[in-house]
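These are my notebook entries on one structure. I record below what I looked up, entry by entry.

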Amino acid sequence: MKKTRKTKLGRLAVPVSKEFKQNSPIFIPLFFADPTQKRQIVWELQLENGQCDSGRVSRNAINLPSLPIGMHHLTVIVGQNLLSKGHKIYECSLHISE
């Protein structure tokens, strides 16, 4: 079983799963103990059909356009100024329904 990481506030930095309706925008807030600390945060989305997309996070939230129906996989990588200097990986399942 995979261990989830919690912030110092006891809250998950990234939810383990989220559910959205088709044709609605995707908004996923990220929670950190110190939201003012500078971080480099990138995300990668793998759709159920195998297509991939990626981007950078701004303002401690991930904003995506509406996604097709299905179960998709979101990976979030959080690091200091350079991702190569220590990083944490978070995963989230996105369930999109009608």
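**Histidine 72**

I looked up histidine 72 and found that it counts as buried because its relative accessibility is 3%; buried means under 20% relative accessible area, exposed over 50%, and partly exposed in between, with a 1.4 Å probe and protein chains only. I note that the model is predicted, that local features need pLDDT of at least 70 and side-chain atom pairs pLDDT 80 or more, while totals for chains, interfaces and linings use all residues. Residues are numbered from 1 along each chain as its sequence is written, and side-chain values use heavy atoms, with hydrogens and water left out.

I located histidine 72 in strand E6; strands (E, at least two residues) and helices (H or I, at least four) are DSSP runs numbered from the N terminus. I then listed its contacts (heavy atoms within 4.5 Å). Leaving aside neighbours within four places in sequence, histidine 72 is in contact with Leu45, Gln46, Leu47, Glu48, Leu67, Cys92, Ser93, Leu94 and Ile96. A polar atom of the histidine 72 side chain lies 2.9 Å from the backbone nitrogen of glutamate 48.

**Leucine 74**

I found leucine 74 in strand E6 as well. Leucine 74 counts as buried because its relative accessibility is 0%. Not counting residues up to four places away in sequence, I recorded that leucine 74 touches Ile28, Trp43, Glu44, Leu45, Ile62, Tyr90, Glu91, Cys92 and Leu94. For leucine 74 and tyrosine 90, 16 residues apart along the chain, I noted a C-alpha separation of 8.4 Å.

**The sheet**

I next looked up the strand pairing, for which DSSP must find at least two bridges between two strands. An open sheet of 5 strands has the order E1-E7-E6-E3-E4, with mixed pairing. Its edge strands, each pairing on one side only, are E1 (17-21) and E4 (52-56). On average, neighbouring strands of this sheet are turned by 20° against each other, direction ignored; axes are lines fitted to C-alpha atoms, for helices over the stretch in contact, and angles run from 0 to 180 degrees between N-to-C directions.

I also noted that strand E6 (residues 70-79) and strand E7 (residues 87-97) run antiparallel and are joined by 10 bridges. Glycine 70 stands opposite isoleucine 96 in E7.

**Cysteines**

How many disulfides does a search of the whole structure find? I recorded 0 disulfides (pairs of cysteine sulfur atoms within 2.5 Å). Cysteine 92 is buried, with a relative accessible area of 1%, whereas cysteine 52 counts as exposed at 53% relative accessibility.

Definitions and conventions. A polar contact is a pair of N or O atoms within 3.5 Å; within protein, one must be able to donate a hydrogen and the other to accept it, and residues adjacent in sequence count only if both atoms are side-chain atoms.
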